[in-house]
Amino acid sequence: VLTGLSSDYLMKYFSKLQLMSTICILMSLTQLGFLLVPILPGILYVSLLLTGFLFGSIVAIIAVNIADIFGSKYIATNFGAIDSAPIFGSYIYATFLVSIFYKSNVFDDEGTATCVGYSCFHYTFLISCIACLLAGISCYIIHMTTFIPYREGSSKH
């Protein structure tokens, strides 16, 4: 709700894709926050809170971006395809990627099968950070390629 209200205000100054790009880059910073947990333990709670808020922000803004980029004729089909991205992403990150890093770190120096904390999962957060950063850059590139046609189209009406 807060994102919807604030995005309406921010649309006066920024495009929807710029907001999406900013949210993705902020999400990458929260993933960096998870990497800093051993140094700053309190940042865990801030990163968790911001991750949930920013994910909700993306869900709130993405439907409007889909309608703007692809048109509103097939918005249900396009949104259905885009809405399945968290499902596949969750499977890739939470099951496949974490499993690979867990299995590679499961044995410590003494040969016991334990893997707890930062050493097990820091690569997962690093890859997630890079993925969010690439998503933000991609949104910005889409914004730059579609910015001029939208401005030209809006001045004709």
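**Figure 1. Cys139 counts as buried, with a relative accessibility of 11%.** The model shown here and in the other figures is predicted. Residues count as buried when their relative accessible area is under 20%, so Cys139, at 11%, falls into that class. The cysteine sulfur closest to that of Cys139 belongs to Cys24, at a distance of 4.5 Å. A disulfide requires two cysteine sulfur atoms within 2.5 Å, so the pair Cys139 and Cys24 is too far apart for a bond.

**Figure 2. Cys129 takes part in no disulfide.** Across the whole structure, the search for disulfides finds 0. For Cys129, the nearest cysteine sulfur is the one in Cys132, 7.2 Å away. Cys129 has a relative accessible area of 8%, and because this is under 20%, the residue counts as buried.

**Figure 3. The protein has 6 helices and 0 strands.** The order of elements along the sequence is α-α-α-α-α-α. The protein contains 157 residues, and 25% of them count as buried.

**Figure 4. Helix α3 covers residues 43-70 and bends at Ile61.** Just after α3 comes Gly71, with a positive phi of about 90 degrees.

**Figure 5. Helix α5 has a kink centred on Val98.** The kink amounts to about 30 degrees. At 1.5 Å a residue, the 21 residues of α5 should span 30 Å; the distance between the end C-alpha atoms is 28 Å, which agrees.

**Figure 6. The largest pocket has a volume of about 1,100 Å³.** It is lined by 31 residues, and those closest to its centre are Phe55, Ile58, Ala85, Pro86 and Ala135. Two or more lining residues come from each of α2 (16-35), α3, α4 (75-83), α5 (85-105) and α6 (118-156). Which helix gives the largest share of the lining? That helix is α3, with 9 residues. Sorted by class, the lining has 24 nonpolar residues, 6 polar residues and 1 charged residue.

**Figure 7. Leu32 and Ile130 are 98 residues apart in sequence.** In space, their C-alpha atoms are separated by 9.5 Å. Leu32 belongs to helix α2. Is Leu32 buried, partly exposed or exposed? Its relative accessibility is 35%, which is between the limits of 20% and 50%, so Leu32 counts as partly exposed.

How values were computed:
Residues are numbered from 1 along each chain as its sequence is written. This is a predicted model: local features need pLDDT of at least 70, side-chain atom pairs count only at pLDDT 80 or more; totals for chains, interfaces and linings use all residues. Side-chain values use heavy atoms; hydrogens and water are left out. Buried means under 20% relative accessible area, exposed over 50%, partly exposed in between (1.4 Å probe, protein chains only). Helices (H or I, at least four residues) and strands (E, at least two) are DSSP runs, numbered from the N terminus. The expected span of a helix is 1.5 Å times one less than its number of residues. The bend at a residue is the angle between axes fitted to the seven residues ending there and the seven starting there. On a 1 Å grid over the protein atoms alone, a cavity is a set of points where a 1.4 Å probe fits but cannot get out, and a pocket is an open set with protein on both sides within 12 Å along at least five of seven lines; lining residues have an atom within 4 Å of a point. Grid points are joined across faces, edges and corners, and a volume is the space filled by probe spheres set on the points. Ala, Val, Leu, Ile, Met, Phe, Trp, Tyr, Cys and Pro count as nonpolar, Asp, Glu, Lys and Arg as charged, and the others, Gly among them, as polar.
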